[in-house]
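Subject: Structure for your review

Dear colleague,

Please find below the structure I am handing over to you.

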Amino acid sequence: MQSLATVFADLIPYLANSKDFNDPQNAQKIDMNVRQLAELSKQVHKNNAPPDSDPTVSMIASQFEDEIVRSVEALQLGHREYARHVIRNSTAYCIECHTRS
């Protein structure tokens, strides 16, 4: 999870600003971070055994992985603004999982 937080921290300035996210000079760094995020999301989905055996964690992890993979595909197709919104919205899964009661 620490790695996810680090990657998101690197992406946040770009996610917050459409101009910076779409700047060709930032594309390589952003794309690399998003690919790394996709790999980490797969690990979260794969290793999602919560201490309380809550079955919703698996569903949340699966949806999180799907969203991040969707953003990678969008970047590959050149749909950068859509990818930016998908990544920004994917943080809701972090909140959903980490604030469950």
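In these notes, two residues are in contact when heavy atoms of theirs lie within 4.5 Å. Please bear in mind throughout that this is a predicted model.

I begin with Glu67, a residue of helix α4. Setting aside residues up to four places away in sequence, Glu67 touches Val86, Ser90 and Tyr93. Is Glu67 buried or exposed? Its relative accessible area is 18%, and because the limit for a buried residue is under 20%, Glu67 counts as buried.

Glu67 also takes part in a salt bridge with Arg70, in which the closest N and O atoms are 2.4 Å apart. Both residues belong to helix α4 (residues 56-76) and are three residues apart, so about one helical turn separates them. Arg70, with a relative accessible area of 33%, is partly exposed.

- Asp31 pairs with Arg80, with 3.0 Å between the closest N and O atoms. This pair links distant parts of the chain, since Asp31 sits in helix α3 (residues 24-46) and Arg80 in helix α5 (residues 80-98), 49 residues apart. Arg80 is buried, at a relative accessible area of 15%.
- Lys42 pairs with Glu39, and here the closest N and O atoms are 3.9 Å apart. Both residues lie in helix α3, three residues apart, which is about one turn of the helix. Lys42 is partly exposed at 37% relative accessible area, and Glu39 is likewise partly exposed at 46%.

Next, I turn to the packing of two helices. The axes of α4 and α5 come within 8 Å and cross at roughly 165 degrees. Angles over 145 degrees count as roughly antiparallel, and α4 is therefore roughly antiparallel to α5. The residues that make this contact include Glu67, Arg70 and Phe64 of α4, together with Arg80, Val86, Ser90 and Tyr93 of α5. The crossing of α4 past α5 is left-handed.

The nonpolar core deserves attention as well. In soluble globular proteins, nonpolar side chains tend to be buried together. Which residues have the most contacts inside the largest nonpolar core? They are Leu11, Phe21, Val34, Leu37 and Ile87, in a core of 25 residues. Helices α1 (2-15), α3, α4 and α5 each supply at least two residues of this core, and α4 gives the most, with eight residues.

Two residues illustrate contacts between parts of the chain that are apart in sequence. Leaving out neighbours within four places, Leu11 is in contact with Ile30, Asn33, Val34, Leu37 and Ile87. Val7, found in helix α1, is buried at 2% relative accessibility. With neighbours within four places again left aside, Val7 contacts Asn33, Gln36, Leu37 and Leu40.

Yours sincerely,

A colleague

Notes:
Residues are numbered from 1 along each chain as its sequence is written. This is a predicted model: local features need pLDDT of at least 70, side-chain atom pairs count only at pLDDT 80 or more; totals for chains, interfaces and linings use all residues. Side-chain values use heavy atoms; hydrogens and water are left out. A salt bridge is a side-chain nitrogen of Lys or Arg within 4 Å of a carboxyl oxygen of Asp or Glu. Helices (H or I, at least four residues) and strands (E, at least two) are DSSP runs, numbered from the N terminus. Buried means under 20% relative accessible area, exposed over 50%, partly exposed in between (1.4 Å probe, protein chains only). A nonpolar core is a set of buried Ala, Val, Leu, Ile, Met, Phe, Trp, Tyr and Cys residues joined through side-chain atoms within 4.5 Å. Axes are lines fitted to C-alpha atoms, for helices over the stretch in contact, and angles run from 0 to 180 degrees between N-to-C directions. Angles under 35 degrees count as roughly parallel, over 145 as roughly antiparallel, 65 to 115 as roughly perpendicular and the rest as oblique. A crossing is left-handed if the near helix is turned anticlockwise from the far one by less than a right angle, and right-handed if clockwise.
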